[in-house]
Amino acid sequence: MISFIICFVTLIASYFIYGKYIERISGVDETQQTPAFKLQDGIDYIPMPRLKNFLVHFLNIAGLGPIFGAIQGALFGPAAFLWITLGTIFVGAVHDFFSGYMSLHNDGLTMPQIVSKYLGNNVQKFMAAIIIIGGPLVAATFSKGAADLLFGLTHIDITIWITIIFIYFLIATVFPIDKIIGKVYPIFGALLLIMVVLITGALILNPAYPIPEFTTQGLYLTDKSIFPYLFITIACGAISGFHASQSPIVARCIENEKDARPVFFGSMVIEGLVALCWAAVAMAFFHGQPQLAVLYGASPSIAVNQIAQTLVGPIGVILTIIGVVVCPITTGDTSLRSSRITIADELGLNNEKLTSRLKITIPLFIFGFALTFVDFSLIWRYFAWTQLILATIVLYTISVYLIKNKKPYIIGFIPAVFCTSIAFAYILQAPEGLALHSMIANVISIIATVIIAGAFLKKYKWH
């Protein structure tokens, strides 16, 4: 319990301490006209108040990530608490704030367009491809997780649920942002937070489920090593490039640059708190039991349903539907929306006409639907790894931005180097990668990371 409380308080304090520092060095200008007013078009550029933007962005980046990832990450024991806390503060929140702020400061451009200004066109094209492909991948991952749970609750065929979900995706992706997303997402975002508070509170008040400490023995229930598997398993709860693809959606709706810290840094901190709570709940609920080990590499929706019903009673089913069905579905549609606006930006297309939006969205819709037939465990791990690659590129972009503006670039560079090593280590040793021996893979990853870091410094800092 003490370990959990320390991490929880540290995350909250980081918003007021480190978040304030990040805001100060970024150059936030309250007098600057934001893209929401400058480029208002009634579709994607629409001014919305701070609280609504915060709840929309939080729901966009949260979904299943901090729930499923944290439950799977609980297999690694309390080490997950440390990664969620430190990763959120020094990696994820920095990544999210600057990706949102740079978009806000550059007419709401999507990340590939921003990357082109700092890392060049080749990296821009690579990143655009990841975001465009990543949108349908996220939609498939999250819709399948929601459909699994709906099947368990209703016994209606999973394919039917996936079809219904994707029809909603199509509608929400092409509608103006204030018609569906701006109206219902704040409500669902608030409900997701309420669900976490109720379940965590019920756990803490129940002595039958003690939250383990860092010193707890015997909770490590997987043969996977902490490095790099823990860092890939818990992605959205600490760092995910998916957030950078979502930032421009809200950056186009922010009314004042001063809103950047609560919307972008704040949302990441809250997501970290959600992941921390779910990791604690999973560790306590399945402590010492083989059920938790079964969850790794599988859809944890069954665990969420069991936890909610046991801890919260009759309203557990309702909470489960809200948290593990509605919320991930709403993340899926904004992932497709980010792919749509990225394609439009890359090709210089005008998205004001419905027909032009449909021409881009329908192929994405078909591709995403096809991905739902791929094994969930495999698609989840590829999703996490591709989003780590995306985050790494964004962190290097942030580093160049800070170098050019004579700011302490180290706050972006060190996380970028760390993520580089994780990305290499995972793809070299994972079964779905090259499946090398862990020692060999780790040595190669360190060498590759040093080479990349050195080349980066030589080009952008020491030239």
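Ala, Val, Leu, Ile, Met, Phe, Trp, Tyr, Cys and Pro count as nonpolar, Asp, Glu, Lys and Arg as charged, and the others, Gly among them, as polar. The model discussed here is predicted.

Q: How do the residues of the lining of the largest pocket divide into nonpolar, polar and charged?
A: By that rule, the lining of the largest pocket has 13 nonpolar residues, two polar ones and one charged one. The pocket holds about 370 Å³ of space. It is lined by 16 residues, and those closest to its centre are Leu119, Val123, Ile393, Tyr396 and Ile452. Helices H18 (376–404), H19 (410–429) and H20 (438–460) each supply at least two residues of this lining.

Q: What classes of residue make up the lining of the second largest pocket?
A: Its lining has six nonpolar, two polar and six charged residues. The volume of this second largest pocket is about 220 Å³. Of its 14 lining residues, Tyr45, Arg252, Asp345, Leu349 and Asn351 are the closest to the centre.

Q: Why does Ser99 count as buried?
A: Buried means under 20% relative accessible area. Ser99 has 0% relative accessibility, so Ser99 counts as buried. This residue lies in helix H6 (residues 79–104).

Q: What makes the pair of side chains of Ser99 and Ser247 a polar contact?
A: A polar contact needs a pair of N or O atoms within 3.5 Å, one able to donate a hydrogen and the other to accept it. The polar contact between the two side chains is at 3.2 Å. Leaving aside neighbours within four places in sequence, Ser99 is in contact with Met111, Ala244, Ser247 and Val394.

Q: Why does Lys406 count as exposed?
A: Exposed means over 50% relative accessible area. Lys406 has 77% relative accessibility, so Lys406 counts as exposed. Lys406 lies in the loop between H18 and H19, and has a positive phi of about 55 degrees although it is not a glycine.

Q: How do you know that the span of H19 agrees with what its 20 residues should give?
A: The expected span is 1.5 Å times one less than the number of residues. For the 20 residues of H19 this should be 28 Å; the end C-alpha atoms are 29 Å apart, so the two agree.

Q: What makes H19 mostly covered?
A: Of the 20 residues of H19, 15 are buried.

Conventions: Residues are numbered from 1 along each chain as its sequence is written. This is a predicted model: local features need pLDDT of at least 70, side-chain atom pairs count only at pLDDT 80 or more; totals for chains, interfaces and linings use all residues. Side-chain values use heavy atoms; hydrogens and water are left out. Helices (H or I, at least four residues) and strands (E, at least two) are DSSP runs, numbered from the N terminus. Buried means under 20% relative accessible area, exposed over 50%, partly exposed in between (1.4 Å probe, protein chains only). Contact means heavy atoms within 4.5 Å. On a 1 Å grid over the protein atoms alone, a cavity is a set of points where a 1.4 Å probe fits but cannot get out, and a pocket is an open set with protein on both sides within 12 Å along at least five of seven lines; lining residues have an atom within 4 Å of a point. Grid points are joined across faces, edges and corners, and a volume is the space filled by probe spheres set on the points.
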